[in-house]
Amino acid sequence: MTPNELKQALSSGLLSFPLTDFDAQLKFEPKGYADRLEWLMPYGATVLFAAGGTGEFFSLEPQEYAAVVKTAAQTCRGRVPIVGGAGGGTTLAIKYAQEAERNGAQGVLLLPHYLTEATQDGLVQHVEAVCKSVKIGVIVYNRGATRLTPESLLKLAERCPNLIGFKDGLGDIERIVSIRQKLGDRFVYIGGMPTHEVYANAYKALGVPTYSSAVFNFIPRTAIEFYNAYWSGDQATVGRLLNEFFLPYLAIRNKGEGYAVSIVKAGATIVGKSAGPVRPPLSDLKPQEVEELAVLIRKLGPQ
């Protein structure tokens, strides 16, 4: 798949980040992960991101990472494109990106680099180096310490033909509008706020029509129902699902730091598709919180 073909695949349809399966000893469990992908694929996500944020990328060591991407690429080959997460300092991010390419991924999602902030010049050098280290398409994720400006993205667009996408997890409306005005259709624009469904309508108005869904991991039928309603302008269904599920879900998610990932793993366990526990420093939901989530999921009906 060429970078432009990946760009087209990302430009419509629901995107998602499958959980990474761990066993009781917190080791990667490839069989469960492959089974998870087989379960999710028929629901119709257009692109899946292996070892992304919801896949606990930052908890994986390099050999595990390669195994996760390879399992995803082999399982989904010819059916759903796989984009591998990459991140960390520039040298390490390059190695991750090259491993993703070597193991069959069709693209790379460049996650935030690390703790400290960086200048725009430094961020441009970082993204450019990763893009030039691979031939597959790259999507940059504006979140955390990675806060690229429209001017920086314009430089990168000119220097890096395989930089095809911009994903936003900041929620900075002024920045998004400025980027869309300056870059136009040069990039595919993806919504990446935690539980993006509650932001979807607002982002669509800003020219960011597609988004990645974490809840697709445990309520795929409902996630697709919401996306189809949102895409077709069925605001009655969008409003109903926001009130019945997403807003109460946020109330549970917001009870703990890092719960944006933990609650998804809890949801998968509730529906009989456990991916095991999260790895420290993330922590699992408390039993009462799990029960609150189970009540919400049961109200949605079979998935």
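This report describes a predicted model, from its barrel to its helices and loops.

## Basis

This is a predicted model in which local features need pLDDT of at least 70 and side-chain atom pairs count only at pLDDT 80 or more, while totals for chains, interfaces and linings use all residues. Residues are numbered from 1 along each chain as its sequence is written, and side-chain values use heavy atoms, with hydrogens and water left out.

## Barrel

8 strands close into a barrel. Their order is β1-β2-β3-β4-β5-β6-β7-β8, and the pairing is parallel. Strands (E, at least two residues) and helices (H or I, at least four residues) are DSSP runs, numbered from the N terminus. Two strands pair if DSSP finds at least two bridges between them.

Strand β4 (residues 107–110) runs parallel to strand β5 (residues 137–142), and 4 bridges join them. Gly-107 stands opposite Gly-137 in β5. Helix α3 (residues 62–76) packs on the sheet, where it touches β2 (47–50) and β3 (82–86). The direction of α3 makes about 170° with that of β3. Contact here means heavy atoms within 4.5 Å. Axes are lines fitted to C-alpha atoms, for helices over the stretch in contact, and angles run from 0 to 180 degrees between N-to-C directions.

## Helices α10 and α11

Helix α10 (residues 235–253) packs with helix α11 (residues 259–270) at an angle of about 115°. Their axes are 9 Å apart. The crossing of α10 and α11 is right-handed. A crossing is right-handed if the near helix is turned clockwise from the far one by less than a right angle, and left-handed if anticlockwise.

From α10, the residues Tyr-249, Ile-252 and Arg-253 take part. They meet Tyr-259, Ala-260, Ile-263 and Val-264 in α11. By class, the contact of α10 with α11 has 6 nonpolar, no polar and 1 charged residues. Ala, Val, Leu, Ile, Met, Phe, Trp, Tyr, Cys and Pro count as nonpolar, Asp, Glu, Lys and Arg as charged, and the others, Gly among them, as polar.

## Helix α9

Helix α9 (residues 220–232) has 13 residues. From first C-alpha to last it reaches 18 Å, close to the 18 Å expected at 1.5 Å a residue. The expected span is 1.5 Å times one less than the number of residues. Gly-233 follows α9, with a positive phi near 85°.

The buried residues of α9 are Pro-220, Thr-222, Ala-223, Ile-224, Phe-226, Tyr-227, Ala-229 and Tyr-230. Buried means under 20% relative accessible area, exposed over 50%, and partly exposed in between (1.4 Å probe, protein chains only). These buried residues pack against α2 (30–40), α8 (200–205), β8 (210–213), α10 and α12 (287–300).

## Loops

Ala-214 lies in the loop between β8 and α9. Ala-214 counts as buried because its relative accessibility is 19%. Leaving aside neighbours within four places in sequence, Ala-214 is in contact with Thr-54 and Val-264. The C-alpha atoms of Ala-214 and Gly-171 are separated by 17 Å, and the two residues are 43 residues apart along the chain.

Leu-26 is in the loop between β1 (15–16) and α2. Its phi is positive, about 65°, although Leu-26 is not a glycine. Leu-26 is partly exposed, with a relative accessible area of 24%. Glu-56, in the loop between β2 and α3, has a positive phi near 60°. Glu-56 is buried, at 4% relative accessible area. Pro-281 sits in the loop between α11 and α12. The peptide bond from Pro-280 to Pro-281 is cis, with omega near 10°.
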